[in-house]
Structure formats: C-alpha cells, structure tokens
Amino acid sequence: MASIISTPSTVSVQITSSMTSFTSEKRLQRGDAISTLKGKLELITGCSAVTMEVQLLDKEGKLLCVLNNDDALLGAYPVDDNMRLHVVDKDPTKKVGQFEDLSAVEKYEMDTEEYAKRTDSVRAFKERNKLGQFKEKTPEEIQKEKEKAQQEEEAAKAITVGSRCEVKVASAPPRRGEVMFVGM
C-alpha cells in the first residue's frame with residue numbers, strides 16, 4: 001500500500017538581497033513558477049527579474065541550490081518554512097546599498113511658520129477641532145496636572161544615589177538596579 005505525502009501549499013521564507021541589508025518574511029505559494037516568484041521578488045528587493053539569481057539557503061545559511069529553472073514550480077525545490085531566498089542582482093550597473101542611500105533623495109522641507117499658516121494641514125485640523133495639544137483644559141484638569149507634577153517632583157527628591165530601583169517600560173519586563181546618579 002502506497003502512502004501519500006502531503007505538504008502545505010504555502011511556505012514561509014525570509015527574503016534577502018545582495019543590494020540591501022533589509023530582510024522580509026513572506027508566505028509564498030509552492031505552486032508558483034520561478035518566473036512568477038522572480039516577479040514578486042522584484043517588487044520586494046528592487047532587483048530586476050531578468051538579472052536576478054535566486055539562491056535557496058537552509059536555516060543555518062548554507063547554500064542548498066539555485067532556483068534557475070524559470071518554468072519549474074517553487075515546490076519542485078527543497079524549500080521549507082524558515083529557509084531563506086537570497087536574491088543576487090547580476091546587473092553590473094547597480095551598486096550595493098544604492099536603495100538605502102537617503103542622501104541621494106531630494107527632500108521637501110517647510111519651516112514651522114509656513115506650516116502653521118496652512119489651513120489644510122493636520123495641525124490646522126487639530127486646532128479647529130481642539131484635539132491633542134490644542135485641547136482646551138478645564139480648571140480641574142489644570143489643577144490635577146499641577147498636583148501630579150508636584151507629587152512627581154517630591155518623589156524625585158526622595159531618590160538618592162545608591163538606592164535600589166525598578167524601572168518599568170511598556171512592552172518590556174521590569175528591570176532592577178541601583179541609582180547611579182540623580183539629574184536634578
């Protein structure tokens with residue numbers, strides 16, 4: 001009796017390029033032809049599908065094979081989850097890192113006064129709708145803010161060098177240590 005081996009129709013891989021330091025993770029269809037895959041990789045890496053070489057690397061970064069048959073399906077190669085597709089751009093006119101060089105990009109800058117005069121900006125919208133820093137505060141809110149600032153100042157004065165402390169930052173576990181200096 002023959003057994004049937006079933007593999008998932010998609011595979012999750014890391015994508016890197018010889019032209020940039022960026023890494024991205026994508027889910028790809030095993031049923032896509034390599035020519036179709038190269039078209040998708042062109043959008044991700046910026047390398048031309050015509051001049052790219054796609055290398056398949058295992059989880060440790062060892063080269064397994066080159067995906068060089070444009071008519072073959074991705075699933076015909078030994079690609080598995082968490083492997084890496086490394087795109088090498090063979091175009092001699094491109095240089096490494098050219099997509100990351102922000103100094104070559106022309107930027108538009110506007111001074112603060114000119115931006116404040118505009119009526120179609122986010123700042124103008126917030127001012128009109130009294131949002132964010134432009135929100136009008138009630139006398140009670142102002143009083144609470146003053147009391148809170150005073151409490152924090154008093155608590156800060158009580159901290160001395162050499163004291164034990166615990167620092168809590170959002171989305172990180174609390175860290176314990178010793179106060180080394182007081183910046184007041």
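Start by selecting Glu 141, which is partly exposed with a relative accessible area of 30%. You're looking at a predicted model, so keep that in mind as you click around.

Next stop: helix H4, residues 139-157. Pick Lys 157 and Glu 153, another salt-bridged pair, with the closest N and O atoms 3.6 Å apart. They sit four residues apart in helix H4, so about one helical turn separates them. Lys 157 counts as exposed at 60% relative accessibility, while Glu 153 is partly exposed at 44%.

Step off the helix into the loop between H4 and strand E6 (164-167), and you'll find Val 161 there. At 54% relative accessibility, Val 161 counts as exposed, because the cut-off is over 50%. Select Ile 159 and Val 182 along with Val 161: together they make a nonpolar surface patch of about 240 Å².

Which side chain does Arg 176 meet in a salt bridge? Show Glu 166: the N to O distance for this pair is 2.7 Å. Arg 176 lies in strand E7 (residues 175-178) and Glu 166 in strand E6, so the pair ties together parts that are 10 residues apart in sequence. Arg 176 is exposed at 67% relative accessible area, and Glu 166 is partly exposed at 36%.

Now jump back to residues 10-93, which an unreviewed UniProt entry annotates as "domain: Ubiquitin-like". The end C-alpha atoms of this span lie 34 Å apart, and the span is 14% helix and 37% strand.

Time to look inside. The largest nonpolar core has 21 residues, and Leu 37, Leu 67, Leu 74 and Leu 85 have the most contacts within it. Strand E1 (10-17), helix H1 (34-45), strand E3 (52-57) and strand E5 (83-89) each give two or more residues to this core. Centre on Leu 74: beyond its sequence neighbours within four places, its contacts include Val 11, Leu 28, Ile 34, Leu 37, Leu 67 and Val 79.

Is Lys 38 buried or exposed? It's buried, with a relative accessible area of 9%. Leaving out residues up to four places away in sequence, Lys 38 touches Ala 49, Met 52, Val 54, Leu 67 and Asp 70.

How values were computed: Residues are numbered from 1 along each chain as its sequence is written. This is a predicted model: local features need pLDDT of at least 70, side-chain atom pairs count only at pLDDT 80 or more; totals for chains, interfaces and linings use all residues. Side-chain values use heavy atoms; hydrogens and water are left out. A nonpolar core is a set of buried Ala, Val, Leu, Ile, Met, Phe, Trp, Tyr and Cys residues joined through side-chain atoms within 4.5 Å. Buried means under 20% relative accessible area, exposed over 50%, partly exposed in between (1.4 Å probe, protein chains only). Contact means heavy atoms within 4.5 Å. UniProt positions are given in the numbering used here, feature names are shortened, and annotations may be inferred rather than shown by experiment. Patches are made of residues with over 30% relative accessible area and no salt bridge: like charges are joined within 9 Å, nonpolar side chains (Val, Leu, Ile, Met, Phe, Trp, Tyr) within 5 Å. Accessible areas come from the Shrake-Rupley method with a 1.4 Å probe; for residues, only the protein chains shown count as cover. A salt bridge is a side-chain nitrogen of Lys or Arg within 4 Å of a carboxyl oxygen of Asp or Glu.
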